[in-house]
Amino acid sequence: MRSPRSSPPVLAGAVLLLAAAGSLTTASADGHDGFTIKDPRIVESSGLAASRAHPGVYWTHNDQDKGAYLYAVDSRTGKTVATVTMTGVGAPRDVEAISVGPDGNLYVGDIGDNLGGTWSNVWIYKLPEPKTLKDQTVRATQYVVKYADGARDAEALMVHPKTGRIYIADKKEEGGSLYEGPAEMSASGTNVFKRVAATDLWVTDGAFSPDGRQLALRGYFGGTSYAWKGGGKPVREGRLSVPIQRQGESVTYTPDGTTLMYGTEGAQSEVTPVEVPGKGGGGSDSASGGGSSDSGDGKPGGIDDFKTAALVGAAVLLAFFGLKRLFRKRR
């Protein structure tokens, strides 16, 4: 989704109130600091994935680029240290997500559909994560993807770090669904993704914890943490403390699983860290909440997250309706 050129005044007010309320726990200076993406080419960073081969490097991409490009950004400087051009994939249409698999490959989700789910199929691209960070061309494998229950818009693609199975969360304002791909993806046939759970969230991205025990899904205004049980069935744990951002589009875990890194679209966009409480490392059994615990009321983990804070409830509702009108104008 293309980002607004400026944020509505009501959103700015909400940001100030949230800062005053002290609702977020940001990561300390322990190698998981936030950073600003400085590359002027990256103006619509829609996906984010922590590199497994290069500590401190994050992979990102524009959502609608003039080519099949991936960018490796050094979090210490915010500068791009490698640009990868994918070949063998045709012309990307609406790239929304990126994830790193247990096989050392990057998985790129060309899964957006701003026309409201009218395209007959979408694509996933797989390519090896480069061992050397330099500008280069890498051949990718292209997978054709369809959904068992019809076309839809989606912005979140997650590869499970243990099984290698691919999951997609669709994007619906009233709450969407999580879809599971085949155990083995086919490069020659159509890969049908089947619905496995409801998300109850307006999802813009998601990520598995490095140990595969938690799934974090984020939206513009909040997020939800799920415990990942056997059989690929998520069990809701609680709400995530998602920072208010210009247009919050991405999330990834740090490689040790202690911090969630949240990204946004726009030029000079910031990546904001939020610590995961109780996580001393990727193998912890602690819940991957990053925020308040679930009240058990069954309400969606999006806008309702902010209703729990009296200081910011009204401001966030105003921001929501302001942005909603803005998005509709852009369609």
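**Rings, strands and a hairpin**

Student: Where does the charged end of Arg152 sit?
Tutor: The charged end of Arg152 is found over the ring of Tyr147, 5.7 Å from its centre. A charge counts as sitting over a ring if NZ of Lys or CZ of Arg is within 6 Å of the ring centre and within 35 degrees of the ring normal. This is a predicted model, in which local features need pLDDT of at least 70 and side-chain atom pairs count only at pLDDT 80 or more, while totals for chains, interfaces and linings use all residues. Residues are numbered from 1 along each chain as its sequence is written, and side-chain values use heavy atoms, with hydrogens and water left out.

Student: And what lies over the face of Trp119?
Tutor: That is Arg93, at 3.9 Å from the ring centre of Trp119.

Student: Back to rings, how many aromatic pairs does the structure hold?
Tutor: There are seven aromatic pairs, where rings of Phe, Tyr and Trp (its six-membered ring) pair if their centres lie within 6.5 Å, and planes under 30 degrees apart count as stacked, over 60 as edge-to-face and the rest as tilted. One of them joins Tyr147 and Tyr179, whose ring centres are 5.1 Å apart with the planes at 70°, so this pair is edge-to-face.

Student: Which strands do Tyr147 and Tyr179 lie in?
Tutor: Tyr147 belongs to strand β10 (residues 141-147) and Tyr179 to strand β13 (residues 177-180), so the pair ties together parts that are 32 residues apart in sequence. Strands here are DSSP runs (E, at least two residues), as helices are (H or I, at least four), and they are numbered from the N terminus.

Student: Are those two tyrosines buried or exposed?
Tutor: Both Tyr147 and Tyr179 are buried, a word that stands for under 20% relative accessible area, with exposed meaning over 50% and partly exposed in between (1.4 Å probe, protein chains only).

Student: What about Phe208 and Trp228, how far apart are their ring centres?
Tutor: The centres of Phe208 and Trp228 are 4.9 Å apart and the planes stand at 85°, so this pair is edge-to-face. Phe208 is in strand β15 (residues 203-208) and Trp228 in strand β17 (residues 223-229), so parts 20 residues apart in sequence are tied together. Phe208 is buried at a relative accessible area of 7%, and Trp228, at 12%, counts as buried. Ring pairs also link Tyr167 with Phe208 and Trp228 in a cluster.

Student: New topic: what order do the strands of the open sheet have?
Tutor: The order in this sheet of four strands is β15-β16-β17-β18, and the pairing is antiparallel, where two strands pair if DSSP finds at least two bridges between them. β15 and β18 (233-240) are at the edges with a single partner strand each, so one side of each has no neighbour in the sheet.

Student: How many bridges join β16 to β17?
Tutor: Five bridges join strand β16 (residues 214-219) to β17, and the two run antiparallel. Gln214 stands opposite Ala227 in β17.

Student: Why is β11 called largely enclosed?
Tutor: Six of the six residues of strand β11 (residues 154-159) are buried, so the rest of the structure largely encloses it. Five bridges connect β11 with strand β12 (residues 166-170), running antiparallel, and Met158 stands opposite Tyr167 in β12.

Student: Which residue in the turn has a positive phi?
Tutor: Gly164 does, with a phi of about 75°, in the turn of the hairpin that β11 and β12 form with six residues between them.
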